[in-house]
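Here is a short report on one protein model.

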Amino acid sequence: MKAPIRIALLALLASGTLSQAARADGIALAVPSSGPSALLGRQALEGARAALGDASAVPPSVAAFDTRCDREGGADAAQRMAEAKAEIAVGFLCVAALEAALPVLAKANIPAIDIGARSDRILDRRERAGWQVWRIAPGPQAEAKAIADFVRARWQGAPFGLVEDGSSYGRDLAESVRGLLEAQGLRPILVDNYRPADEKQFGLARRIAQSGVRHVLVFGARRDVAIVARDALDVTPGLEIASGESLLDEAGDVPLPRGVLAIASGFDVGWTPSEEPQADEGYARIARIGTEIAIEALRRSKAESRTIAEVLGAETFVTSGGLVRFDATGSADVVPFQAYRWDGTKFTTDGEG
């Protein structure tokens, strides 16, 4: 290990900036340090810092590479990782950057731990393309399963409705949630849709009121959900409204009513950015877990004369998020979804669990 590299990186992490080291010889952190996703990259770096600080033995050297969260940035970062002779990469918050990086990393024999990109097509192509990638980010069906679990746990026995906007996201999510619930004997009293981008939704609001439901799932873009929620609460005060991760998108010109619930993975919640991020804020938690896995995989590889890929595919890892083991597809579900309630300015963990 090259101690000066590690010390320099820790100083950079503490200041919230990124740098490229001439050599990695260990872990490469693939996160955006420029562009609109730079804040998320800073969160991920804080998580890596926590993992390095918690390591029981001296951790390996680490270098950070800017993916910019786009295809060009991903390919460029991967090439620089190969030139730096990195042994394993951790990060990749965006599908485009990861997909462009993987062929370069495969050629350089650098395994990658994906902490943010969710697309199943990455894992579907993994074996035939020879990509060495393991995913700890939630899969694309995780959101639907989490919402169905929420309804079963919190609304079972109460009539509920399901409303979507007709978009591919809203329709597909509604169909997935409905299928999961009906398989468990839970059927919505109301199934409806609305036209997105309308400035008023009182027709839908009246249909919700006439159905008699007191709980309703509303899927669509954040602005549209805000309009539906505003008008539905005007007609039916006390109605409980829940949605998915689209509520974590940037706020628009229509305020989201207080009390609306978002069922989301913890690292996607839009906490108010701070100069000194809170412990495990945003992507910090999953980046910390990914870095812990990378540190342990490197240690076992060197101690047991196995490749890093062999270790990742066969072992169980003890992390700050619990035990992690990858299945045959390279996937591990380590980030729990939970309910977050809008308090008028930000989402906070819902007190009811």
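## The largest cavity

Leu29, Val31, Ala44, Leu45, Ala48, Val90, Gly91, Ala287 and Thr291 line the largest cavity. A cavity here is a set of points, on a 1 Å grid over the protein atoms alone, where a 1.4 Å probe fits but cannot get out; lining residues have an atom within 4 Å of a point. The volume of the largest cavity is about 40 Å³. Grid points are joined across faces, edges and corners, and the volume is the space filled by probe spheres set on the points. The structure holds 1 cavity of 30 Å³ or more.

Four elements each supply at least two lining residues: strand E1 (27-31), helix H2 (38-54), strand E3 (88-91) and helix H11 (284-304). H2 gives the most, with 3 residues. Helices (H or I, at least four residues) and strands (E, at least two) are DSSP runs, numbered from the N terminus.

## Basis of the model

This is a predicted model, in which local features need pLDDT of at least 70 and side-chain atom pairs count only at pLDDT 80 or more, while totals for chains, interfaces and linings use all residues. Residues are numbered from 1 along each chain as its sequence is written, and side-chain values use heavy atoms, with hydrogens and water left out.

## Overall figures

The protein has 12 helices and 14 strands. Of its 353 residues, 51% are buried. Buried means under 20% relative accessible area, exposed over 50%, and partly exposed in between (1.4 Å probe, protein chains only).

The protein exposes about 15300 Å², and carbon and sulfur atoms supply 50% of that area. Areas come from the Shrake-Rupley method with a 1.4 Å probe; for residues, only the protein chains shown count as cover. Among contacts (heavy atoms within 4.5 Å) between residues at least 6 apart in sequence, 68% join residues at least 24 apart.

E6 pairs in the parallel sense with strand E8 (residues 215-219) over 5 bridges. Two strands pair if DSSP finds at least two bridges between them. Leu162 has Leu217 as its bridge partner in E8. E6 also pairs in the parallel sense with strand E7 (residues 190-193), over 4 bridges. There, Leu162 stands opposite Val191. The chain goes from E6 through helix H8 (residues 168-183) to E7, and this β-α-β crossover is right-handed. That is, with the strands pointing away from the viewer, the path from the first strand over the helix to the second runs clockwise.

## Val151 in helix H7

Val151 lies in helix H7 (residues 142-154). Val151 is buried, with a relative accessible area of 1%. Leaving aside neighbours within four places in sequence, Val151 is in contact with Gln156, Phe160, Leu181 and Leu217. Val151 and Leu217 are 66 residues apart in sequence, yet 9.0 Å apart in space, C-alpha to C-alpha.

## Strand E10

Strand E10 (residues 261-265) is mostly covered, with 5 of its 5 residues buried. Leu261, Ile263 and Ser265 are on one side and Ala262 and Ala264 on the other.

Strand E9 (residues 240-243) runs parallel to E10, joined by 2 bridges. Ala242 stands opposite Leu261 in E10. With strand E13 (residues 337-342), E10 pairs in the antiparallel sense over 5 bridges. Ala264 has Gln338 as its bridge partner in E13.

Terms used: On a 1 Å grid over the protein atoms alone, a cavity is a set of points where a 1.4 Å probe fits but cannot get out, and a pocket is an open set with protein on both sides within 12 Å along at least five of seven lines; lining residues have an atom within 4 Å of a point.
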